[in-house]
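Me: Please take one part of this structure and go through its surroundings closely. Give the cut-offs where a term first comes up.

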Amino acid sequence: MSRQITSLLAIAAVAVALTPTPALAQAPKKPEVDCEQVKCIALTFDDGPGKHAGKLLDTLKKYDAKATFFLEGQYVNSRPAYVKRMVQEGHELGNHSYKHPDFTKVDPWVIKSEIQRTQDAVKKAAGVEPKLLRPPYGLADLQVSDIAAEFGMPIILWTAGSNDWNTKNVEAIKKKTLEVAERDGIILMHDWVEQTVQAMPSIVKSLQAKGYTLVTVSDIIKRQELQPGDVFPLPEGWDK
Ligand SMILES: [Zn+2]
């Protein structure tokens with residue numbers, strides 16, 4: 001090999017080494033949202049990823065809205081591509097158990113296994129681990145709180161529900177969601193309810209027209225300085 005060709009190859013090797021590795025699986029850097037400055041609201045979707053998650057993600061992307069998905073491990077394993085997409089598109093992921101048992105009615109080892117299996121499933125699907133726990137049915141007691149603390153996660157409930165699982169009606173879901181919407185609210189919805197996904201373009205447009213910025217739960221709770229095991233918002237009668 002001539003000296004000239006060798007040095008050309010050396011230059012090519014340097015050029016390759018200098019080319020940044022494409023970070024395909026990583027979330028784009030999220031612009032900081034300050035909920036003291038802007039009117040924030042967090043839409044949260046439980047029990048997914050549901051069958052209609054793709055359409056929901058399309059809507060959120062179109063309107064540049066962020067959401068939080070409290071995922072069930074069993075569906076993370078059956079629909080991992082949606083989970084990966086959620087992370088890539090800047091949404092937040094939370095843990096909602098593996099198979100949705102009532103955490104206040106099962107043994108501690110079951111709770112731990114339900115949480116761990118879901119953490120593992122999300123990690124496998126999207127390379128990240130949820131930092132928030134929402135127990136099935138929003139039911140928690142001191143034992144659940146202690147276990148959440150072991151996992152380093154606060155327990156996130158909601159300020160209001162859309163009642164979508166009950167009405168399964170596009171107009172009713174839209175009406176209820178806009179009725180209960182408030183600044184720094186955390187709204188419970190479900191991406192397995194087809195009508196919720198159908199209502200979303202209209203809901204997002206209406207919220208944005210009212211001045212809301214749709215953010216993740218972590219954006220909303222930033223100022224709360226929650227500790228692992230803390231419950232937010234604190235339900236009535238919760239003695240902590
Ligand atoms: Zn649920």
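Predicted model: local features only at pLDDT ≥ 70, side-chain atom pairs only at ≥ 80, totals over all residues.

Reply: The buried residues of helix α4 pack against α2 (53-62), β2 (68-71), α3 (73-78), β3 (92-95) and α5 (108-126). Numbering runs from 1 along each chain as its sequence is written. Helices (H or I, at least four residues) and strands (E, at least two) are DSSP runs, numbered from the N terminus.

Helix α4 covers residues 80-88, and its buried members are Y82, V83, M86 and V87 (buried: 20 or more other C-beta atoms within 10 Å; exposed: 12 or fewer; partly exposed: in between; C-beta atoms placed from the backbone). These residues lie on the same side of α4 because they cover an arc of only 140° around the axis, taken from the directions from that axis to the C-beta atoms. Just after α4, G90 has a positive phi of about 85°.

Among the partners, α5 packs on α4 at an angle of about 75°, with the two axes 8 Å apart (lines fitted to C-alpha atoms over the stretch in contact, with angles from 0 to 180 degrees between N-to-C directions). α4 is therefore roughly perpendicular to α5, a class that runs from 65 to 115 degrees. On the α4 side the contact is made by P80, V83, K84 and V87, and on the α5 side by V122, A125 and A126 (contact: C-beta atoms, placed from the backbone, within 7 Å).

V83 also belongs to the largest nonpolar core, a set of 57 residues in which V83, I41, A42, I187 and L214 have the most contacts (buried Ala, Val, Leu, Ile, Met, Phe, Trp, Tyr and Cys joined through C-beta atoms within 7 Å). L214, leaving aside neighbours within four places in sequence, is in contact with I41, L43, A65, K66, A67, V204 and L207.

As for the whole protein, there are 10 helices and eight strands. Of the 240 residues, 40% are buried. Contacts between residues at least 6 apart in sequence join residues at least 24 apart in 76% of cases. The mean pLDDT is 90, and 86% of residues reach 70 or more. Residues 1-25 stay under 50, and the model has two contacts for them beyond four places in sequence.

How values were computed
pLDDT = per-residue confidence, 0-100. Parallel < 35°, antiparallel > 145°, perpendicular 65-115°, else oblique.
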